[in-house]
Amino acid sequence: MKILLQLSYDGSAFHGWQVQKNAVTVQETLQDAIQALTGERLPVTGCSRTDAGVHARVFYCTVPEQGLSHIALSKLPSALNAHLPTSVAIEASSMVDDEFHPRYSCKQKEYLYDIYTGPYRDPFCIGRSWQLCKKLDTDRMNKAGRILCGTHDFSSFCAASSSVEDKVRTVSELQISDGLHVMMRISADGFLYNMVRIIMGTLVQVGMGKMPPESVKTILEGKDRALAGATAPACGLYLNRVIY
């Protein structure tokens with residue numbers, strides 16, 4: 001058996017989830033907390049490899065039961081939170097089978113992307129939204145977003161440095177909400193490296209009138225990263241739901 005932890009974190013101060021040399025990450029910070037609590041350095045497996053500056057409203061990871069079996073599951077979140085910085089919080093813990101994998105057992109993930117469109121920067125949104133400070137035509141953005149829904153090869157919306165060969169993914173939902181904060185909600189069976197941020201950067205070009213909504217179809221069919229828009233900043237991206 002494994003212990004499944006549900007957590008959330010503000011990624012502003014972290015260089016992503018995965019342990020890196022000479023960089024503070026969420027995975028390492030959680031391992032430090034577990035070691036401080038148990039005296040053991042236990043492996044932690046996460047549901048996603050969020051990039052530097054990306055946030056998670058919901059994130060799941062597993063740790064071996066053996067190292068934490070002496071602590072009641074109901075008390076484990078509080079015990080770990082006592083050793084974690086305020087930017088990370090354990091919210092729940094449960095038992096899962098050894099066959100369960102937080103990443104590969106996932107059926108669908110949902111991300112949110114937040115853009116602040118007010119005329120001036122908002123100090124309270126720094127590090128938590130893309131402060132574009134420009135109005136966007138969300139009707140045009142939604143029209144383009146509908147083209148991206150369905151099963152497609154998303155090569156054009158994947159970082160050129162990615163080594164993943166199969167770039168076919170199924171997007172089940174993509175919606176843009178209007179307001180001072182323009183929010184994109186996108187769900188899929190999986191995401192490529194920088195996929196959400198490249199989609200957002202492209203849809204912003206559509207929303208600013210720099211490309212027609214229909215051009216997204218041409219970008220998809222071209223299977224070329226150079227055809228899509230710039231990669232949106234990491235600060236506006238949130239992992240919002242993970243469905244098993």
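Me: What gives the most to the lining of the largest pocket?
Reply: H4, with 3 residues. A pocket is an open set of 1 Å grid points where a 1.4 Å probe fits, with protein on both sides within 12 Å along at least five of seven lines; lining residues have an atom within 4 Å of a point. The model is predicted, with local features needing pLDDT of at least 70 and side-chain atom pairs 80 or more, while totals for chains, interfaces and linings use all residues. Numbering runs from 1 along each chain, and side-chain values use heavy atoms, without hydrogens or water.

Me: Which elements each supply at least two lining residues there?
Reply: Strand E5 (108-116) and helix H4 (195-207). Helices (at least four residues) and strands (at least two) are DSSP runs.

Me: Switching to Ser156: where is it?
Reply: In the loop that joins strand E7 (150-153) to strand E8 (168-177).

Me: Buried or exposed?
Reply: Ser156 is buried, because its relative accessibility is 1%; the limit is under 20%, with exposed over 50%.

Me: What does the Ser156 side chain reach?
Reply: A polar atom of the Ser156 side chain is 2.6 Å from the backbone oxygen of Ile219. Beyond four places in sequence, contacts (heavy atoms within 4.5 Å) of Ser156 include Ile198, Leu220, Asp224 and Ala228.

Me: And H1, which of its residues are buried?
Reply: Val26, Gln27, Thr29, Leu30, Gln31, Ala33, Ile34 and Thr38. They pack against strand E1 (2-9), strand E3 (55-64), helix H2 (76-81) and strand E4 (88-96).

Me: What comes just after H1?
Reply: Gly39, with a positive phi of about 85 degrees.

How values were computed. Buried means under 20% relative accessible area, exposed over 50%, partly exposed in between (1.4 Å probe, protein chains only). A polar contact is a pair of N or O atoms within 3.5 Å; within protein, one must be able to donate a hydrogen and the other to accept it, and residues adjacent in sequence count only if both atoms are side-chain atoms.
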